[in-house]
Amino acid sequence: MITVQNLSKVYQNNRAVDDISFTLSSGKCIALLGPNGAGKTTALRMMAGLISPTSGTVELLGEHSGDIRSHIGYLPQHPHFHSWMTGREFLIYAGKLAYLSKKEAASRADQLLTRVGIFEVRNRRISKYSGGMEQRLGIAQALIHKPELLMLDEPVSALDPIGRRDVLNLMEELKKETTILYSTHILNDAEESSDEILLMHEGKIVESGSLSSLKDRHQVDKITLQFEDSPESYRQKLDHLNVVTRTEIKKETVDVYVTDQALARETILNLALKEHWPLLQFEMGRITLEDLFMKVVQSYAVADRIQ
Amino acid sequence: MQWLTVFNKELLESWRNFKWIWVPLVFILLAITDPLTTYYLPQILEATGGLPEGATFEMPEPPPTEVFMMSVSQLNLIGVLIIALISMGTISGERKSGVAELILVKPIAYHSYVTAKWAAYTLLIWVSTFIALLASWYYVNLLFGEVSAGSFLRTVFFYGLWMTFILTISIFMNTFSKTAGLVLFFTIALVIALNLLSSVFAHVVEWSPALISSHLRNALISGELPSALWGSAGTAVLFSIILLAAAAYTLKHKEIS
């Protein structure tokens with residue numbers, strides 16, 4: 001629904017965002033990942049129309065016409081409000097700016113205040129809000145005009161564990177109504193609540209795709225075994241198998257690196273059954289997002305050093 | 001519709017932070033100080049014992065129009081500073097704090113955002129100027145003699161244009177810098193420069209907006225409207241429009257924060 005083409009932003013020879021292109025399809029929750037300073041915020045702000053790109057375009061596809069901002073909800077990393085307003089007043093103000101009538105804006109505001117869980121403090125001045133309340137109000141104001149694309153910049157990094165949980169649950173619900181693009185450097189959150197990821201590093205998108213396809217692509221062919229007794233004696237037998245390239249003992253477990261996971265699973269399980277191995281744990285190696293993140297970022301860092 | 005939303009929000013903000021109370025009050029104080037002190041100067045001198053024993057003190061009573069003009073001059077000095085002060089953060093402050101990030105990602109036209117803010121402050125300034133000069137006019141009529149209602153209204157109108165022009169400069173500066181202090185400095189600097197240049201080259205730049213108050217003085221004394229006054233007023237309006245358009249343009253093409 002939104003296509004970004006060759007988007008770049010250059011600040012005094014520093015390419016904050018370097019020629020990125022991607023397409024977001026509707027109804028998905030996409031995580032924009034990357035270490036600090038990777039250019040996530042700059043990319044989001046260009047898409048929201050807050051800063052103009054040095055080159056490249058951001059386009060909404062389909063029957064969307066007019067101001068791109070009508071279809072986008074945006075929450076900056078550190079939202080600030082008119083602190084002399086009440087939460088409800090601010091939402092109504094934001095709604096009216098997005099072409100809602102006064103009545104629509106008011107009913108939508110009440111609805112959202114309930115939804116993000118700050119209805120009780122709606123008539124309190126924003127200056128008296130806690131950080132968590134402000135973040136919730138921020139999400140509410142981004143949703144006020146039912147945008148088709150919701151962009152959240154680090155929506156949970158500033159929250160305590162409870163607030164984080166609440167916001168992640170809220171995002172889970174919102175997924176059904178709108179496309180969500182959010183940036184984060186917390187990998188657990190991304191793994192938990194996103195369908196697709198875009199991984200940025202030094203202004204470039206270095207990996208993208210659905211989480212499962214990424215994991216497939218970066219699959220480590222590894223099987224982890226744990227026995228009731230010491231793994232030493234089994235290690236030799238494993239080493240003799242054709243599919244096994246090498247083994248590695250880590251305390252109680254043994255990591256078996258293999259050439260073909262499916263074949264290796266069958267062979268090892270057959271052997272274990274035949275010889276009555278006292279298996280405690282049998283785990284097919286699955287790469288976590290964290291492994292992937294480190295792998296990609298480090299491989300780029302290494303490549304940079306070689307150059 | 002959106003324009004009205006921003007306009008109403010600005011009025012509410014000025015009301016909540018008491019601008020609608022203190023600005024008119026300060027303007028009234030500025031405007032009535034001169035008529036009152038001029039009138040009561042003999043009594044004040046007597047009470048404070050500033051004269052030696054036996055000395056008599058005769059003050060020529062100034063004409064009413066002259067006293068009324070004193071009020072305008074007072075407003076001209078400190079009123080300008082107040083206008084620059086109350087408006088120095090209206091856009092720059094929102095950009096600096098980050099509120100502008102939330103407002104300007106909503107589909108609002110930049111020119112609506114700028115002109116609605118400008119209009120809200122213009123209203124405040126015109127109301128304050130009107131009330132202040134009304135108070136001054138009342139005391140002048142009471143203590144010195146008649147200044148015609150026409151002269152009073154004419155002064156409010158033309159002087160209001162000059163005040164609006166200063167406000168517009170400040171709004172324009174707001175889109176240039178995120179620092180309110182710099183906005184204040186540039187606004188005041190520009191107004192002072194304009195005043196200086198206009199009085200030095202008064203004959204060359206007869207239609208300079210900065211000459212409105214000096215043209216007004218002539219108009220009050222002669223009771224006629226010199227064409228230069230209209231000229232100055234015209235340039236003030238023209239430059240205000242240009243500055244507003246430029247402000248909307250800069251805001252749109254500048255990084256918002």
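Colleague: Happy to dig in! What are the ground rules for numbering and for which features count?
Modeller: Residues are numbered from 1 along each chain as its sequence is written, while chains are lettered from A and ligands numbered from 1 in the order in which they are written. In this predicted model local features need pLDDT of at least 70, side-chain atom pairs count only at pLDDT 80 or more, totals for chains, interfaces and linings use all residues, and side-chain values use heavy atoms, with hydrogens and water left out.

Colleague: Nice. How many helices and strands does chain B have?
Modeller: Helices (H or I, at least four residues) and strands (E, at least two) are DSSP runs, numbered from the N terminus. Read along the sequence, chain B goes α-α-α-α-α-α-α-α-α-α. That gives ten helices and zero strands.

Colleague: What share of the contacts in chain B with a separation of 6 or more comes from residues 24 or more positions apart?
Modeller: Contact here means heavy atoms within 4.5 Å. The C-alpha trace of chain B spans about 75 × 40 × 30 Å along its principal axes. For residues 24 or more positions apart, the share of those contacts is 80%.

Colleague: And how far apart are the end C-alpha atoms of α1(B)?
Modeller: The expected span is 1.5 Å times one less than the number of residues. Helix α1 of chain B has 15 residues, 2-16, so it should span 21 Å. The model agrees, with the end C-alpha atoms apart by 21 Å.

Colleague: Which element of chain A do the buried residues of α1(B) pack against?
Modeller: Buried means under 20% relative accessible area, exposed over 50% and partly exposed in between (1.4 Å probe, protein chains only). Among the buried residues of α1(B) are B:V6, B:F7 and B:E10. Within chain B they pack against α2 (19-48), α4 (92-97) and α6 (110-143), and from chain A against α2.

Colleague: Then which element gives the most to the side of chain A that touches chain B?
Modeller: The contact takes 33 residues from chain A and 25 residues from chain B. On the chain A side, β1 (2-11), α2 (87-97) and α4 (131-143) give two or more residues. With six residues, the element that gives the most is α2(A).

Colleague: How much area do chain A and chain B bury between them?
Modeller: Buried area is the accessible area (1.4 Å probe) that two parts lose on being put together, summed over both. Carbon and sulfur atoms hold 60% of it here. The two chains bury about 2700 Å².

Colleague: Which residue of chain B meets A:E89 in a salt bridge?
Modeller: A salt bridge is a side-chain nitrogen of Lys or Arg within 4 Å of a carboxyl oxygen of Asp or Glu. There are two between chain A and chain B. In one of them, at 2.7 Å from N to O, the partner of A:E89 is B:R16.

Colleague: Last one: why do the buried residues of α9(A) line one face of the helix?
Modeller: The buried residues of α9(A) are A:Q261, A:A264, A:I268, A:L271 and A:A272, while A:E266, A:L273 and A:K274 on the other side are exposed. An α-helix has 3.6 residues a turn, so residues three or four places apart point the same way. Taking the directions from the helix axis to the C-beta atoms, the buried residues of α9(A) line one face because they fall within an arc of 100°.
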